[in-house]
Amino acid sequence: MLTTLRLRNFRCYTTLNWEIPAEGVLLIGSNAQGKTSLLEAICFSQTLHTPRSTKLDKLATHGADNFGISVDSLQGTRRLVWQQRRLHMTLDGIPRKDYADYLADAFPVVWLGNKDIALVSGSAEERRSYLDFLGTQWHPAYRHALREYRKALKSRNLLLRNPRHTAETLRSFARLLSIHGNVLRELRAQLLQLLRPHICHPHASISARQEEVTLRYMPCGDSPLETAFESSMEADIRAGFTTVGPHRDDFELHIAGRSAADFASEGQQRTLATAMLLAQAGLLQEQTGAAPILLIDDIFGELDPQRRRALLACLPSDSQVFITTTHTDWLHDTPPPLPTLKIENGRILQ
């Protein structure tokens, strides 16, 4: 459980010192007032990842060249300082040498947003991002394989754009890609198998239907990675980037035996995406033993009353939950599910 959040030069917050309610909070405010930035700071403090940006300099307040996040919890204090284009990480004042060391004891996090339907109807990149966000919290080996694969991929792509590259240097990076890529593919396929049982209950509850949901991992190509990288070398040289591998993989979602992307209605797709994220919460709690922090960003206005009630009922009772919304009309005559605060121009008001 998080107890205090302190920010400096993070997004629209030049300074913030916020004592967080134990059960979480419902944050109300107009757009661009700072609601999502609070969720983003919490997410980054526990995962070193944010769904809104891949560049750390974008997290700093406009005009600032640094930012700081400090979070107190029952486990201690996590502090992140980004300055001079480096991220400094400490736990209870003790520096952590790398990302894996910092993340070892972090709370698991699940993010639900109003663009989650892209998990079903969007590109393969959306589904890979889902797997990677979950996988890096699920298993240290996933975190290591993904990091090393990305490093080798970046190096090989730079080399492919260099006219002085040699076939041997390309093969040396292909060997690294094969080693870490095989681990990544094996863990992704295992992760999808573990997820499926956790999808059934929330999907049935939110959709009010008993329909089978299946997931199938789809590697890019049928050949072993070593063979695929060798066979694609000429095509990669012409393209200037690596055209095959786990960074191009996907997975398929089916409802009652039919492709959800091709045949499900928008409502069914949104329900399935929400069920996938609740399944993420269930799996993380099962695997880590810790109730995940739920960050729910402005989705209740997109759901009909039945789906809203079902989603609220499916939230893990022992999770700390943070919900943002622009209005509370969707509550109708129901009392708010959490303590309620207003956000206005980067200020938290009662």
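User: How much space lies in the largest cavity?

Analyst: The model is a predicted one, in which local features need pLDDT of at least 70 and side-chain atom pairs count only at pLDDT 80 or more, while totals for chains, interfaces and linings use all residues. Residues are numbered from 1 along each chain as its sequence is written, and side-chain values use heavy atoms, with hydrogens and water left out. About 90 Å³ of space lies in the largest cavity, and a search of the whole structure for cavities of 30 Å³ or more finds 1.

User: What makes this space a cavity, and how is its volume defined?

Analyst: On a 1 Å grid over the protein atoms alone, a cavity is a set of points where a 1.4 Å probe fits but cannot get out, and lining residues have an atom within 4 Å of a point. Grid points are joined across faces, edges and corners, and the volume is the space filled by probe spheres set on the points. Among the lining residues are Leu112, Asn114, Arg270, Thr274 and Glu302. Helix α10 gives the most to this lining, with 4 residues; helices (H or I, at least four residues) and strands (E, at least two) are DSSP runs, numbered from the N terminus.

User: Why is the pair of Trp18 and Phe322 called edge-to-face?

Analyst: The structure holds 6 aromatic pairs. The ring centres of Trp18 and Phe322 are 6.3 Å apart and their planes stand at 75°, whereas the definition asks for centres within 6.5 Å (rings of Phe, Tyr and Trp, the last by its six-membered ring) and counts planes over 60 degrees apart as edge-to-face, under 30 as stacked and the rest as tilted; the pair is therefore edge-to-face. Trp18 in strand β2 (residues 13–19) and Phe322 in strand β13 (residues 321–325) are 304 residues apart, so that the pair links distant parts of the chain.

User: Why is the pair of Phe67 and Trp82 called stacked?

Analyst: Their ring centres lie 5.8 Å apart and their planes are at 20°, so the pair is stacked. Phe67 belongs to strand β4 (residues 66–73) and Trp82 to strand β5 (residues 76–83), 15 residues apart. Ring pairs also link Phe67 and Trp82 with Phe10 and Phe44 into a cluster.

User: How do you know whether Phe67, Trp82 and Gln84 are buried or exposed?

Analyst: Buried means under 20% relative accessible area, exposed over 50% and partly exposed in between (1.4 Å probe, protein chains only). Phe67 has 0% and is therefore buried, Trp82 at 6% also counts as buried, and Gln84 at 72% is exposed. Gln84 is found in the loop between β5 and β6 (86–91), and its phi is near 50°, a positive value in a residue other than glycine.

User: What makes Arg258 count as sitting over the ring of Phe263?

Analyst: The criterion is that NZ of Lys or CZ of Arg is within 6 Å of the ring centre and within 35 degrees of the ring normal. The charged end of Arg258 sits over the ring of Phe263, 4.2 Å from its centre, and Arg78 lies over the face of Tyr102, at 4.8 Å from the ring centre.

User: Which residues touch the most other members of the largest nonpolar core?

Analyst: Tyr130, Phe251, Met276 and Ile296 do, in a core of 61 residues. A nonpolar core is a set of buried Ala, Val, Leu, Ile, Met, Phe, Trp, Tyr and Cys residues joined through side-chain atoms within 4.5 Å. Helix α10 (residues 266–288) brings the largest share of this core, 10 residues.

Terms used:
1 Å grid on protein atoms, 1.4 Å probe; cavity = no way out; pocket = protein on both sides within 12 Å on 5 of 7 lines; lining within 4 Å.
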